[in-house]
Amino acid sequence: MMSIQTLTDSNFKAYIGDAAALILISDGADKLRSDFKTAFDKAADEEAGIVFGRVDPSVFTKLAGRFDYQNRSLLIGLYRGEVRFRRSRPWASDLPDTISQLKDAITADLPPEEREALIEKEAAPPALDKPLDVTDANFEQEAILASHELPVLVDFWAEWCGPCRQVSPILEKLAGEYAGQIRVVKVDTDANPGLSQAFQIRSIPTIAVFKAGKLIFMQPGALPEPSFRELIKQAIELEIPADEAASA
């Protein structure tokens with residue numbers, strides 16, 4: 001639920017304190033851009049850990065004066081009482097950078113262990129609940145490098161392949177069941193001859209699994225659902241020593 005606090009001279013400290021905050025100072029008559037207003041409301045609805053507030057400078061002149069409001073809409077990024085960002089007559093495109101700066105400031109204040117864990121979490125590839133189509137161009141990123149975080153099951157397939165069509169709904173189902181534990185990606189061998197050549201694909205479907213940057217399984221032929229389940233289970237449980245993991 002969207003939560004934008006109406007800030008006043010008296011409640012500012014209670015609402016903001018040392019928190020990370022995005023504060024919009026605008027009296028509604030200073031030509032605030034409509035795209036910015038929409039983006040600001042949307043960000044307030046989506047961003048946790050940042051306080052969003054509005055100040056009417058025509059009413060709360062003391063608070064507006066604190067930030068040197070000059071009769072133009074003003075966006076302030078504030079953390080621990082320090083102005084980290086300031087933009088007069090802001091654009092919607094200003095918001096992502098401002099939010100990023102505030103998040104970086106929050107992260108920098110965390111204890112080292114929490115900071116490292118958060119950085120690792122943000123660097124991890126997003127969980128997939130359905131197979132992802134990958135190409136010659138992004139296979140290394142989405143399959144090999146991503147396998148350092150989660151095992152990646154690769155389905156080499158083609159549109160004309162009957163057994164591939166039998167495998168497809170099984171992988172759709174399992175990708176949803178094991179989201180966050182394994183990634184399922186698909187390679188159209190006709191559209192991506194470079195990968196077909198690199199992995200010497202001569203029969204489709206061919207199923208491959210990567211973990212920690214290493215190819216740990218590769219087999220042609222359509223597998224039944226129980227075999228896929230067992231393969232996924234083994235891939236999740238397999239431990240690869242750090243000194244054996246392929247370098248990123």
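These notebook entries record what I looked up in the structure.

**Basis**

I worked from a predicted model, in which local features need pLDDT of at least 70 and side-chain atom pairs count only at pLDDT 80 or more, while totals for chains, interfaces and linings use all residues. Residues are numbered from 1 along each chain as its sequence is written, and side-chain values use heavy atoms, with hydrogens and water left out.

**Entry 1: strand β8**

I began with K186, which lies in strand β8, residues 183-188. Strands here are DSSP runs of E with at least two residues, helices are runs of H or I with at least four, and both are numbered from the N terminus. Is K186 buried or exposed? K186 counts as buried because its relative accessibility is 11%. I used buried for under 20% relative accessible area, exposed for over 50%, and partly exposed for in between, with a 1.4 Å probe and protein chains only.

I then asked which side chain makes a polar contact with the side chain of K186. The partner is the side chain of D155, at 2.9 Å. A polar contact is a pair of N or O atoms within 3.5 Å; within protein, one must be able to donate a hydrogen and the other to accept it, and residues adjacent in sequence count only if both atoms are side-chain atoms. Leaving out residues up to four places away in sequence, K186 touches P131, L132, D133, V134, D155, W157 and S168. Contact was taken as heavy atoms within 4.5 Å.

I next looked at V187, also placed in strand β8. V187 has a relative accessible area of 0% and is therefore buried. With neighbours within four places in sequence set aside, its contacts are V134, F139, V154, D155, F156, W157, N192 and L195. I also noted T206, which is 19 residues from V187 in sequence and 9.8 Å from V187 in space, C-alpha to C-alpha.

T189 lies in the loop between β8 and α8. T189 is buried, since its relative accessible area is 10%. Beyond its neighbours within four places in sequence, T189 is in contact with F156, W157, A158, S196, I201 and I204.

In helix α8 I looked up A198. A198 is exposed, given its relative accessible area of 57%.

**Entry 2: helices α7 and α9**

Two packed helices are described by the angle between their axes and the distance between the axes. The axes of α7 (residues 162-177) and α9 (residues 225-237) come within 10 Å and cross at roughly 40 degrees. That angle makes α7 oblique to α9. The axes are lines fitted to C-alpha atoms, for helices over the stretch in contact, and the angles run from 0 to 180 degrees between N-to-C directions. Angles under 35 degrees count as roughly parallel, over 145 as roughly antiparallel, 65 to 115 as roughly perpendicular and the rest as oblique.

Which residues meet between α7 and α9? From α7 they are V167, I170, L171, K173, L174 and E177, and from α9 they are E225, F228, R229 and I232. By class, this contact has 6 nonpolar, no polar and 4 charged residues. Ala, Val, Leu, Ile, Met, Phe, Trp, Tyr, Cys and Pro count as nonpolar, Asp, Glu, Lys and Arg as charged, and the others, Gly among them, as polar.

I listed the buried residues of α7 as C164, V167, I170, L171, L174 and A175. Their cover includes β7 (152-157), β8 and α9.

**Entry 3: backbone exceptions**

Most residues other than glycine have a negative phi, and most peptide bonds are trans. I204 and P205 are joined by a cis peptide bond, with omega about 0 degrees. P205 sits in the loop between α8 (193-198) and β9 (206-211).

Q200 lies in the loop between α8 and β9, and its phi is positive, near 50 degrees. Q200 is exposed, as its relative accessible area is 53%. A212 is not a glycine but has a positive phi of about 55 degrees. I placed A212 in the loop between β9 and β10 (214-220), and at 12% relative accessibility A212 counts as buried.
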